[in-house]
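Morning, everyone. Let me put the model on screen.

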Amino acid sequence: MNKLKFYAIVLAGGVGNRFQSEIPKQFSLVAGKPLLMHTLSVFDRCPLELEIILVLEQRYVSVWEKMVEHYNFAVPHTIVIGGEERFHSAKNALDIIPDDDQALVAIHDGVRPFVSQDVILQAYAKAKEYGAVVPVIPTIDPMRLYKEERSESLDRFYDRSNIHIVQTPQVFNYKILKQAFDQGYHVTFRDDSVPVEHMGYPIHLVEGNRENIKITFPLDLTLAEAIYPMMFDEQ
């Protein structure tokens with residue numbers, strides 16, 4: 001019997017337009033090291049022996065390689081060039097994975113360095129069972145829908161306890177994911193699970209961790225510096 005293969009695609013091809021910085025947010029320093037290195041290290045510590053595929057925009061490959069050398073970063077990973085949209089970047093990475101109907105593939109944001117090992121392991125375990133898994137956390141704030149210059153409370157129509165915020169890593173059976181990403185791009189495919197759902201596959205949920213924030217704005221770096229010691233002590 002072939003050994004079950006585990007892959008982690010880390011998407012870091014963004015240019016950080018909302019981050020108000022000369023360099024993309026994934027290269028900003030947290031606890032003295034580039035944010036992206038912390039993210040890759042989380043997966044490197046996973047006991048599942050993951051193969052890590054890092055997706056970068058072409059113009060930042062040399063920047064990353066210089067950082068790897070400067071910080072003596074030793075986490076093994078394969079670099080793939082990103083595409084026009086998130087969908088295309090994930091597909092570029094997926095296309096280099098050998099065909100294996102049983103393999104499990106995670107897709108993770110490069111700017112989420114604080115996902116817990118428990119969430120990673122649960123996501124892979126449930127993906128082995130169900131085929132498609134997304135980590136989520138409950139919504140705690142009121143939400144409003146804005147459309148055509150009007151807004152309305154979602155609490156009028158939905159029980160807030162049933163609304164969840166999506167995180168990554170999202171983990172899928174290779175065959176399911178490959179089929180979903182071979183169907184072609186659609187503008188609604190902003191989340192990795194949506195192409196899979198579009199093919200008719202159900203998406204199963206696992207509980208995420210609140211520390212697993214996505215670094216998007218400069219303020220998030222301050223939060224990251226506060227979160228880092230807690231996660232470092234845990235892992």
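Start at Asp182: partly exposed, with a relative accessible area of 44%. On terms, buried is under 20% relative accessible area, exposed is over 50%, and partly exposed is in between, using a 1.4 Å probe and protein chains only.

Quick caveats. This is a predicted model: local features need pLDDT of at least 70, side-chain atom pairs count only at pLDDT 80 or more, and totals for chains, interfaces and linings use all residues. Residues are numbered from 1 along each chain as its sequence is written, and side-chain values use heavy atoms, leaving out hydrogens and water.

What does Asp182 pair with in a salt bridge? Lys91, at 3.7 Å, N to O. Lys91 sits in helix H3, and Asp182 in the loop between helix H5 (174-181) and helix H6 (193-198), so the bridge ties together parts 91 residues apart in sequence. Helices (H or I, at least four residues) and strands (E, at least two) are DSSP runs, numbered from the N terminus. A salt bridge here means a side-chain nitrogen of Lys or Arg within 4 Å of a carboxyl oxygen of Asp or Glu. Lys91 is partly exposed, at 22%.

Next pair. Lys178 bridges to Asp95, closest N and O atoms 2.8 Å apart. Lys178 is in helix H5 and Asp95 in the loop between H3 and S6, so parts 83 residues apart are tied together.

Now Asp109 and Arg86: a salt bridge at 2.8 Å, N to O. Asp109 lies in strand S6 (residues 104-109), Arg86 in helix H3 (residues 86-94). Asp109 is buried, at 4%. Arg86 is partly exposed, at 24%.
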